[in-house]
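Subject: Structure for your files

Hello,

Here is the structure you were going to look at. My notes on what was found in it follow below.

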Amino acid sequence: MGVDGDPILNVVALFPGQGSQKPGMARDLATAFPAAHAALTTVDAALGLKLSQLMFDGPADELTLTDNAQPALLAHSAAVWAVLSPELKSFVRAAAGHSLGEFTAYHAAGALSLGRAAKLVRRRGELMRQAQAGAMAAILGTTTSPIEAICAEAGGVVVAANYNAPDQTVISGEVDAVERALALAKERGAKRAIRLPVSGAFHSPLMAPASDGLRDALSEAEFGEAQLPIYSNVDAQPSTRPAVARDKLRRQLTSPVRWVDTVRDLAAAYPAALFLEIGTGAVLTGLVKRIAPNVETATCGTPAEVEALLAKAA
């Protein structure tokens, strides 16, 4: 049954990205479900560290480091996925993930083992941390000039990095260029234009060194054919092929996250589907509601949410 009592027939699985991590994540899940505990243990073993302990107990500043946050978020989502019944999974028609969540989507689709996915996102986080330079900022509300035009006028390296919602775009680039773009956005009517608490210009040309390093890691990773179409952040297009996955996951680091286009295309392809956010928090659910207000949504990241969904799908 869907969240409103109707039968679940189609599900679009969504996997969150960085920013949703917090101490305590997945602790109750691991206690309630042996399969979730086993998934977290698999990640710990693959990485050779007790990431699950950091997820459970923090400290927050260490968990927030990008090379810890990324595998932690993958681990939480994978733990939920491990608990979901085969019957429920059979209703999933497509998947997408926001930034690092795209790796989780490929794991859920059977293209990446959990251990391999954990190693890849850990390496991705390390490379991004090493390449950290620049800044990111969120522009909320509509502006009289397109965001791309504002970035071009600002000069230097600053680009649209995340098209999160029709009224929310994140920009990324050199610190001075980002500051100039923020000032221009405010002049052009932005409701808010604020720096984000990150120390890297993610999804911008400044991540080219990280992208090059990730290409090597991806080329060595064993990818299978995805059993579900995965909608890419790079172009919002679906694919199942390993070669395409490697290419787009690499390009993702220097390309904008086209989340608005992704959600609109998924809503058009699966108009009656339940858009299910799998993992910690409800950030993607909030964005989906702003992009496609008529879409049915639900979150699945806590034991109570998992049990309710399993009961309705039975």
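Six strands make up an open sheet with mixed pairing, in the order β8-β7-β2-β1-β9-β10. Its edges are β8 (238-239) and β10 (296-300); each has a single partner strand, so one side of each is left without a neighbour in the sheet. Please keep in mind that this is a predicted model.

β1 and strand β2 (residues 92-97) pair in the parallel sense, over five bridges. Within that pairing, Ala13 has Ala95 of β2 as its bridge partner. With strand β9 (residues 274-278), β1 pairs over four bridges, and the sense is again parallel. There the bridge partner of Val11 is Leu274 in β9. β9 and β10 also run parallel, joined by five bridges, and Ile278 stands opposite Cys300 in β10.

β1 is mostly covered, with five of its five residues buried. Val11, Ala13 and Phe15 point one way from the strand, while Val12 and Leu14 point the other way. Helix α14 (residues 283-291) lies across β1, β9 and β10, and runs at about 175° to β10.

The four-stranded sheet

A second open sheet has four strands in the order β4-β5-β3-β6, with antiparallel pairing. Here β4 (158-165) and β6 are the edge strands; each has a single partner strand, so one side of each is left without a neighbour in the sheet. From one strand to the next, the twist averages 20°.

Strand β3 (residues 135-140) and strand β5 (residues 168-173) run antiparallel and are joined by six bridges. Ala135 stands opposite Gly173 in β5. Two helices are listed against this sheet. α10 lies across β3, β4, β5 and β6, running at about 165° to β6. α14, already mentioned for its place across β1, β9 and β10, also lies across β4 and β5, at about 85° to β4.

Aromatic pairs

How many aromatic pairs does the structure hold? There are two. In one, the ring centres of Phe15 and Trp81 are 6.3 Å apart and the planes stand at 70°, so the pair is edge-to-face. Phe15 belongs to strand β1 (residues 11-15) and Trp81 to helix α5 (residues 66-83), so this pair ties together parts that are 66 residues apart in sequence. Both Phe15 and Trp81 are buried.

The other pair is Tyr106 with Phe223, also edge-to-face, at 6.1 Å centre to centre and 80° between the planes. Tyr106 is in helix α7 (residues 101-108), and Phe223 is in the loop between α11 (208-220) and β7 (230-231), so the pair ties together parts that are 117 residues apart in sequence. Both Tyr106 and Phe223 are buried.

Helix α11

α11 has 13 residues and spans 19 Å from its first C-alpha to its last, close to the 18 Å expected at 1.5 Å a residue. Which residues of α11 are buried? They are Ala210, Ser211, Gly213, Leu214, Ala217 and Leu218. These cover an arc of only 165° around the axis, which puts them on the same side of α11. The buried residues of α11 pack against α7, α8 (114-130) and α12 (242-251). On the face turned away from the buried side are the exposed residues Pro209, Ser219 and Glu220.

Two loop residues

Ser99 lies in the loop between β2 and α7. Is Ser99 buried or exposed? Its relative accessibility is 10%, so Ser99 counts as buried. Leaving aside its neighbours within four places in sequence, Ser99 is in contact with Arg124, His203, Asn233, Gln252 and Val257. Of these contacts, Asn233 is 134 residues from Ser99 in sequence and 6.8 Å from Ser99 in space, C-alpha to C-alpha.

Arg188 is in the loop between α10 (175-187) and β6 (192-195). Arg188 has a relative accessible area of 18% and is buried; the cut-off for buried is under 20%. Beyond its neighbours within four places in sequence, Arg188 is in contact with Thr142, Thr143, Thr144, Ser145, Ile150 and Glu153.

Regards

Methods. Residues numbered from 1 in each chain as written. Predicted model: local features only at pLDDT ≥ 70, side-chain atom pairs only at ≥ 80, totals over all residues. Heavy atoms only, no water. Phe/Tyr/Trp six-rings, centres within 6.5 Å; stacked < 30°, edge-to-face > 60°. Buried < 20%, exposed > 50% of the residue type's maximum accessible area, 1.4 Å probe, protein only. Expected span 1.5 Å × (residues − 1). Arc of directions from axis to C-beta. Contact = heavy atoms within 4.5 Å. Pairing = 2+ DSSP bridges. Axes fitted to C-alpha atoms, helices over the stretch in contact; angles between N-to-C directions.
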